[in-house]
Amino acid sequence: RPKGVKHASTHRTQGHRQQRSKIWPNSRKMTNPHHPPVSQHKDTNNWTAWQLNNASYKDLGTPPMVGKRFLRHLLTSERCISSLLTLLQAEPSTTRDFSLEVDAFELHNSDVVLGTMLLRYPTTLLPLLEEAIVEAQRELLKRLPQVATSKIPNTNSIKGERRGGGDDNDNHTSHQITRVHARIIHLPPHSSCCKPSISSIGACDVGKMMQLCGTVVRASPVRMYESARAYKCKARGCGRTFVMYADLEQVNNALPVPTVCPNLNGADGCSGTKFDVIPGGAVHTDFQEVKIQESASRLGIGSIPRSLLIK
């Protein structure tokens with residue numbers, strides 16, 4: 001070939017590579033000109049599929065902002081309002097633990113971003129949803145007429161409300177007389193949250209919310225455990241009260257013993273290591289262990305059914 005033609009072909013190839021690098025940027029930059037970074041997209045109601053797939057719970061905003069979005073859904077859903085009214089009318093004499101069912105499909109229809117993040121980061125967002133359930137009960141009590149509120153017991157009507165310490169928002173100086181749990185039902189039929197069998201659960205599913213089918217082969221009797229205990233620091237000039245919570249994932253639902261005052265990084269900088277148990281500050285909860293086993297019809301020939309213990 002003539003020398004000039006070869007040079008022109010090489011120049012055209014380099015130009016094509018430069019133009020291609022602008023459309024498909026280097027993977028090390030982790031940017032896409034057609035999709036702005038999720039952190040720069042303030043309107044979380046109009047996220048694209050790319051932004052939703054690469055988003056984190058931190059992109060939803062501060063915890064109060066996330067709580068307001070949960071509260072908006074609870075107060076606009078007819079099913080949630082009916083469940084909240086039933087929750088307010090429940091008597092806490094027989095149990096201290098209550099639950100409220102939240103439909104995942106309904107949450108996705110009203111707020112697809114919030115519903116997706118809840119299924120992706122349940123450990124972080126479920127406590128915010130439970131706090132929103134408590135706030136939704138307060139709002140309903142304000143909106144209900146006097147005739148309806150007369151049917152609601154006056155004592156501990158708001159389930160999960162913190163009492164004591166003078167400030168309901170201070171988790172260290174208040175404790176819960178009753179607790180409320182958010183139960184997510186009707187998960188979307190996706191492989192990330194709906195598993196066909198116990199064998200399909202892997203290490204990547206730790207900390208995620210999932211749904212599976214199985215047969216209950218054993219159920220333990222209902223037993224009691226101490227889910228929370230209130231302490232008071234004995235250091236001079238401190239007197240800080242705080243609550244320690246049990247961990248159901250540990251053996252015998254271990255309740256950790258405090259080693260240092262939580263006011264260590266506070267204004268006073270207390271480093272006390274001796275504490276008194278506050279009388280009446282313990283919360284006792286019922287729990288039950290259920291063992292489920294995957295169905296043999298879903299397994300291949302020669303496979304052994306696996307089981308899973310659930311508390």
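This is a predicted model: local features need pLDDT of at least 70, side-chain atom pairs count only at pLDDT 80 or more; totals for chains, interfaces and linings use all residues.
Residues are numbered from 1 along each chain as its sequence is written; side-chain values use heavy atoms, with hydrogens and water left out. Local features need pLDDT of at least 70 and side-chain atom pairs count only at pLDDT 80 or more, whereas totals for chains, interfaces and linings use all residues.

**View 1. Strand β11 (residues 283–287) and its pairing with β8.** Strands (E, at least two residues) and helices (H or I, at least four) are DSSP runs, numbered from the N terminus. Val283, Thr285 and Phe287 point to one face of β11 and are buried (under 20% relative accessible area; exposed is over 50% and partly exposed in between, with a 1.4 Å probe and protein chains only). Strand β8 (residues 223–233) runs antiparallel to β11, joined by five bridges; Tyr225 has Thr285 of β11 as its bridge partner.

**View 2. The open sheet β7-β12-β13.** Its three strands are paired antiparallel, pairing requiring at least two DSSP bridges between two strands. Because β7 (215–219) and β13 (307–310) stand at the edges with a single partner strand each, one side of each has no neighbour in the sheet. Four bridges join β7 to β12 (residues 290–293), and Val290 of β12 is the bridge partner of Ala219.

**View 3. Helix α6 (residues 112–120), mostly covered.** Seven of the nine residues of α6 are buried, among them Val113, Gly115 and Leu118. The cover over these buried residues includes α2 (49–53), α3 (63–76), α5 (104–110), α7 (122–143) and β4 (179–185), contact meaning heavy atoms within 4.5 Å.
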